Amino acid sequence: MDFLRPASWEEALAAKAEHPTAVPIAGGTDVMVEINFDHRRPEYLMDLNRVGDLCEWEVGEESVRLGASVPYTRIMENLRAELPGLALASHTVASPQIRNRGGVGGNLGTASPAGDAHPALLAAGAEVEVESVRGTRRIPIDEFYKGVKRNALAADELIRAVHVKKADGPQQFSKVGTRNAMVIAVCAFGLALHPETRTVRTGIGSAAPTPIRAEAAEEFLNAALEEGGFWDNGKIVTPSVAQQFADLCSAACNPIDDVRGTASYRRHAVGVMARRTLTWTWESYRGARRNIEGAA
Amino acid sequence: MRVNFTVNGRPQEADDVWEGESLLYVLRERMGLPGSKNACEQGECGSCTVRLDGVPVCSCLVAAGQVQGREVVTVEGLADYARQRSCGTGGCGTSLEESRQWQAKGTDSRTGEGTELAPIQQAFIDAGAVQCGFCTPGLLVAADEMLERNPDPTDADIREALSGNLCRCTGYEKIMDAVRLAAARQGGAV
């Protein structure tokens, strides 16, 4: 094994072009587990900790450009207003020690369906900024996950940042596990209300070969909210609408039985989380609306 | 490969390090510092917790090559680290030799008298928060860092800060007592 220590992003890209089998390591919370357990013996290990700008973020007009290695701890502490769904999801990642090291770039690189960041990124809307010596491209999050632990990266590409749309409405994240800390999701659900476009987006984790959106459920809910004038009248979402939404989210899953849970449990739990997160976010939206009207 | 980094305030050098080796392995097997415990090797248990540039991390998940030029504090250097923090002077650190000889024994193994201890270590002894002792070093490093950041923690703060450290003996109640005691002593209440 060779240990590569690029001192800059350009050096990292050059090294990845020269050694496409090089495995990037940043927080190490996935890669080191595989090495410790002898599940992986990469030819080259490439340390990205020396590339400082990977740990930085910028809050822009429309979106946040989040460096691939910004630790989850920083996201929780600094981006709760801009990226509430991702901040909530970050807080459920493993433990403080892991959140101090791991970042969204690692979740995307590993592309496990159980990665905690994925449902939040899918619900908020995001693009992954990847780069190689050939150039830069931005991959929409919906096109990023290609299979179990497979993503859209080419062999010479590295993840530099993720551009996440700033919240224009309430967002929620929910995760099922046996305890609060140190849990790999049995399944997880992210939901974001987008009042500006009058749409709702979802993200489902650990209930299909890849993280997915429940698109049919979103379409149904968008139509139902529009038809009932809910965005304007701020009424509570009709229980039958919430239930139909939950059922469609369950139906979007394609889960497996494994040590953490059965397929039917996952399908059921996703429905429950869908209904709850819809209720939480909608209550928050109604509350915000009332405050605006009260002030006017 | 060779890795140069600071351990407990002193520059150290590790040679013939395998590229896939963890920081934990280097500390235990190459530097003779077995205080950081090797248990799960997957970041689940927290017993290998050390501070890397001040931040608590699982040393089993840090590749040795990643610590080049960086600062590591282990449980063996915790007393010195805490002393420097309280008096505000830059001390000279703890040598490997001293670190290797460090024991929580002193002249009285029950009270720790005669050994220099960090306040959190003394609090663990006084509160009876140690049973088999395997999780203790990781808990000490994590708890000490929390008290540095948050001198007046709520129970929820303590639980969250220690949520990455598993103890299979005590049921955590005595550990909670110990951290509360250390916080109270730090605040001058006891």
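## Helices H4 and H7 of chain B

Helices H4(B) and H7(B) pass each other in a right-handed crossing (a crossing is right-handed if the near helix is turned clockwise from the far one by less than a right angle, and left-handed if anticlockwise). The model is predicted: local features need pLDDT of at least 70, side-chain atom pairs count only at pLDDT 80 or more, and totals for chains, interfaces and linings use all residues. Residues are numbered from 1 along each chain as its sequence is written, while chains are lettered from A and ligands numbered from 1 in the order in which they are written.

Two packed helices are described by the angle between their axes and the distance between the axes. H4 of chain B covers residues 119–127 and H7 of chain B covers residues 173–186; their axes come within 8 Å and cross at roughly 130°. H4(B) is therefore oblique to H7(B). Angles under 35 degrees count as roughly parallel, over 145 as roughly antiparallel, 65 to 115 as roughly perpendicular, and the rest as oblique. Axes are lines fitted to C-alpha atoms, for helices over the stretch in contact, and angles run from 0 to 180 degrees between N-to-C directions. Helices (H or I, at least four residues) and strands (E, at least two) are DSSP runs, numbered from the N terminus.

From H4(B), the contact draws on Pro119(B), Ile120(B), Ala123(B), Phe124(B), Asp126(B) and Ala127(B). H7(B) contributes Lys174(B), Asp177(B), Ala178(B), Leu181(B), Ala182(B), Arg185(B) and Gln186(B). Two residues are in contact if their C-beta atoms, placed from the backbone, lie within 7 Å. By class, this contact has 8 nonpolar, 1 polar and 4 charged residues (Ala, Val, Leu, Ile, Met, Phe, Trp, Tyr, Cys and Pro count as nonpolar, Asp, Glu, Lys and Arg as charged, and the others, Gly among them, as polar).

## Contacts of helix H5 of chain B

Helix H5 (residues 136–149) of chain B also meets H7(B): their axes come within 11 Å and cross at roughly 35°, and the crossing is right-handed. Leu139(B), Ala143(B) and Leu147(B) of H5(B) touch Ile175(B), Val179(B), Ala182(B), Ala183(B) and Gln186(B) of H7(B). The residues of this contact are 7 nonpolar, 1 polar and no charged.

The axis of H5(B) comes within 11 Å of that of helix H2 (residues 78–87) of chain B, and the two cross at roughly 10°. H2(B) is therefore roughly parallel to H5(B). Leu78(B), Ala82(B) and Arg85(B) of H2(B) meet Leu140(B), Val141(B), Asp144(B) and Glu148(B) of H5(B). This contact holds 4 nonpolar, no polar and 3 charged residues.

## Domains of chain B

Chain B is divided into domain 1 (3–75) and domain 2 (78–186); the bounds come from an automatic or database domain assignment. Their C-alpha centres lie 19 Å apart. The contact between them takes 20 residues from domain 1 of chain B and 22 residues from domain 2 of chain B.

On the domain 1 side, strands E2 (10–14) and E3 (49–52) of chain B are the elements that give two or more residues. E3(B) gives the most, with 3 residues. That side has 8 nonpolar, 9 polar and 3 charged residues.

## Chain A and the contact between chains

The contact between the chains takes 23 residues from chain B and 24 residues from chain A. Strand E4 (residues 55–58) of chain B supplies the largest share of the chain B side, 4 residues. The chain B side comprises 10 nonpolar, 10 polar and 3 charged residues.

An unreviewed UniProt entry lists residues 1–169 of chain A as "domain: FAD-binding PCMH-type". UniProt positions are given in the numbering used here, feature names are shortened, and annotations may be inferred rather than shown by experiment. The end C-alpha atoms of residues 1–169 of chain A lie 48 Å apart, and the span is 30% helix and 26% strand.
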